[in-house]
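Hi,

Here is the structure I said I would pass on. Have a look at it first, and my notes on what turned up follow below.

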Amino acid sequence: MKLTYEKLFGCDDTYHDVLEKSGIIEEPSEADIRFADEIVSGVQQNLSGIDEKISEAAVGWTIERMPKVDISILRNAVYEMLFSEGTPVAVAINEAVELAKVYCDERSPKFINGLLGKIARQHT
């Protein structure tokens, strides 16, 4: 999520750069790095389609009005739900809600859960 957030602002930080900024000293596994790279590049490659899905589901909201952290979490989750075969939809939604509880304001988890639930219902 943090890498996707960084890309919103045009940063070219690597996985290791983001870990360092976050104060995380453990060395990530190669699988973790590959997974993060897949999501970040997948979000970038499918950005217009992902944002279209978010916009369709977000009645009364535009992406421009959404907090940047919320949109980063949503983009990752929508990518995982629609384009990544390795993540079950329910897991992608749950992870997004848990991230929102940590990094967003108190209303964001409910908003993110509802929006992703709507996208999941439309997709199936």
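A term to start with: two residues are in contact when they have heavy atoms within 4.5 Å of each other. Of the contacts in the protein with a separation of 6 or more, 61% are between residues 24 or more positions apart.

Before you read on, note that this is a predicted model, where local features need pLDDT of at least 70 and side-chain atom pairs count only at pLDDT 80 or more, while totals for chains, interfaces and linings use all residues. Residues are numbered from 1 along each chain as its sequence is written, and side-chain values use heavy atoms, with hydrogens and water left out.

Now the overall picture. The protein has seven helices and zero strands, so-called by DSSP runs (H or I, at least four residues, for helices; E, at least two, for strands), numbered from the N terminus. From that end on, the order reads α-α-α-α-α-α-α. Of the 124 residues, 40% count as buried; buried is under 20% relative accessible area, exposed is over 50%, and partly exposed is in between (1.4 Å probe, protein chains only).

Helix α4 covers residues 47–57 and helix α5 residues 68–82; they pack at an angle of about 105 degrees, with their axes 10 Å apart. The axes are lines fitted to C-alpha atoms, for helices over the stretch in contact, and angles run from 0 to 180 degrees between N-to-C directions. The two helices are therefore roughly perpendicular to each other (that label is for 65 to 115 degrees; under 35 is roughly parallel, over 145 roughly antiparallel, and the rest oblique).

Who makes the contact? From α4 come Leu 47, Ile 50, Asp 51, Lys 53 and Ile 54, and from α5 come Ile 71, Leu 74, Arg 75, Val 78, Tyr 79 and Leu 82. They divide into eight nonpolar, no polar and three charged. Here Ala, Val, Leu, Ile, Met, Phe, Trp, Tyr, Cys and Pro count as nonpolar, Asp, Glu, Lys and Arg as charged, and the others, Gly among them, as polar.

Which residues of α4 are buried? They are Ile 50, Asp 51, Ile 54 and Ala 57. Seen down the axis of α4, these fall within an arc of 130 degrees, so they line one face of the helix; the arc is that of the directions from the helix axis to the C-beta atoms. Their cover includes α3 (30–45), α5 and α7 (108–123).

Lys 53, also in α4, is partly exposed, at 32% relative accessible area. Leaving aside neighbours within four places in sequence, Lys 53 touches Val 78, Leu 82 and Ile 119.

Two of its residues are worth a click:

- Ser 72, in α5, is buried at 0% relative accessible area. Its C-alpha atom is 7.7 Å from that of Lys 2, 70 residues away along the chain.
- Ile 73, in α5, is buried at 2%. Its C-alpha atom is 8.3 Å from that of Ile 112, 39 residues away along the chain.

Last, α3: its buried residues are Ile 33, Ala 36, Ile 39, Val 40, Gly 42 and Val 43.

Cheers
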